[in-house]
Protein chains: 2
Amino acid sequence: MKKKIKKINASILIIGNEILSGRTQDKNVVFLSNWLNSSCGIIVKEVRVVPDDEKTIVENILFLSKKFNYVFTTGGIGPTHDDITAKSISKAFKVKYEYHEEAYAILEKYYGKKKFNDGRKKMAKMPKGSKLIYNPSSAAPGFITKNVLSLPGVPSILNSMIENCKRYLVKGLKIHSKTINLFTVESNISKQLSLIQKKYKKFVDIGSYPFFRLGKIGVAVVTRSTSLKKLKEVNADLMKVVKIKKIKILRL
Amino acid sequence: MKKKIKKINASILIIGNEILSGRTQDKNVVFLSNWLNSSCGIIVKEVRVVPDDEKTIVENILFLSKKFNYVFTTGGIGPTHDDITAKSISKAFKVKYEYHEEAYAILEKYYGKKKFNDGRKKMAKMPKGSKLIYNPSSAAPGFITKNVLSLPGVPSILNSMIENCKRYLVKGLKIHSKTINLFTVESNISKQLSLIQKKYKKFVDIGSYPFFRLGKIGVAVVTRSTSLKKLKEVNADLMKVVKIKKIKILRL
């Protein structure tokens, strides 16, 4: 992983009719976001889910790769007709869609020459100039094309490959986060939260999320910042509010 | 619900830092997509997840509301500083952001005059001209502004409100779907699937999804169409392939 620079962001493009139809519950966003946050200091700023449609994928690749430091795609890199991620990225960047020599060799070795049929060969076809993201669980590699990293849709396989993305990523500053769980309702602290957020606008993001636990209603106040100092200041301000309002804290 | 016309589509805009940070697993896409499919014949064509940032929300509302028949937003309609959905939609459509009389009355009655503080009053502020989507579980209504329906982010509350969206939606043709679970690998049938997909390109979507069950690898072949006749034809073609290739079917 390369040297740290300040704020690095990413977007995720989920490619797959099965997510849009409600057939499949996406699990890759939570995994990718957490990994990028904690392992790379990279913040996910936008997620899009699009169908297996070339024109739509091309448009989104072009837009997201310009707007964000990295784009992670999930899905559409298997052997069937609806796996069109590699071809669409080739079109987006106007590069050839062709066999990647090393990927071809990896897959031929994995399946054996006899069983290396056309569907499987398709998984070695990538945008020209792509570099491989190795796959320790089912061989078929992902790939990086410019700032777009393409991973499979099956969560267990994606998870097994994630550490192999690291070499291609510039690391951002660590994102610190703190959660305080309060036994109160949002409207009881909304004014104070708003004032504190204004005071630290540039440095800290404050989010508030209702929860239901132990038969009681509560609010999780989540603060996030690349500055540990500012995060501590915000949380000191929050604790003053908690004290003044005599709000009980849920300690986990 | 109004009279049926042919193909009606929708997009979902999820508003919330907590989804992007990986803190919270979204569950609303699966629920909304399934409900729109089965209850309304409406197909979800795109999903986006964006942060609690006004400029970003405005841009996305404008883009999605032009491109799709409906936009469903989730999140950002509570009482705190990070709840900016209503204000952002007002900006997008250049209408006033003001108290909705009926929503104000509902909330005042629910909380009682004494406990109806500023945070709670905020939940009655909406884009001028919005109509209410009633909330049977926690009173604070959602709203529809032009073709944009705004719902809360908490899944249990969203779920309880969904039937109240129906009156505002034009129903599309029913989307039929069939799944065949095959004990084979994708590459064994990819060529045939591709040919069948080409033959029925305009009428049926065919998706193939690997699964792992009972210690075996398999492929779920999912076909979807608004024409039951075409769906049956496609599945007859698929069964011919299954027979010729002697593939075992997993019956659930």
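A:K94 sits in the loop of chain A between α4 (85-93) and β4 (97-99). Helices (H or I, at least four residues) and strands (E, at least two) are DSSP runs, numbered from the N terminus. The model is predicted: local features need pLDDT of at least 70, side-chain atom pairs count only at pLDDT 80 or more, and totals for chains, interfaces and linings use all residues. Residues are numbered from 1 along each chain as its sequence is written, while chains are lettered from A and ligands numbered from 1 in the order in which they are written.

Most residues other than glycine have a negative phi. A:K94 is not a glycine, yet its phi is positive, about 50 degrees. A:K94 counts as exposed because it has 7 C-beta neighbours inside 10 Å. In chain B, B:K246 lies in the loop between α9 (228-244) and β12 (248-250). B:K246 also is not a glycine and has a positive phi, about 55 degrees. With 7 C-beta neighbours inside 10 Å, B:K246 counts as exposed.

Next comes the relation of the chains.

The contact takes 43 residues from chain B and 43 residues from chain A. Residues are in contact if their C-beta atoms, placed from the backbone, lie within 7 Å. Elements of chain B that give two or more residues to this side include α2 (28-40), β2 (42-50) and α8 (186-199). The copies meet through the same surface, because 100% of the interface residues of chain B are also interface residues in chain A.

Strand β2 (residues 42-50) of chain A pairs with β2(B) in the antiparallel sense, over three bridges. Pairing requires at least two DSSP bridges between the strands. Here A:R48 has B:R48 as its bridge partner in β2(B).

Conventions. Two residues are in contact if their C-beta atoms, placed from the backbone, lie within 7 Å. A residue is buried if 20 or more other C-beta atoms lie within 10 Å of its own, exposed if 12 or fewer, and partly exposed in between; C-beta atoms are placed from the backbone.
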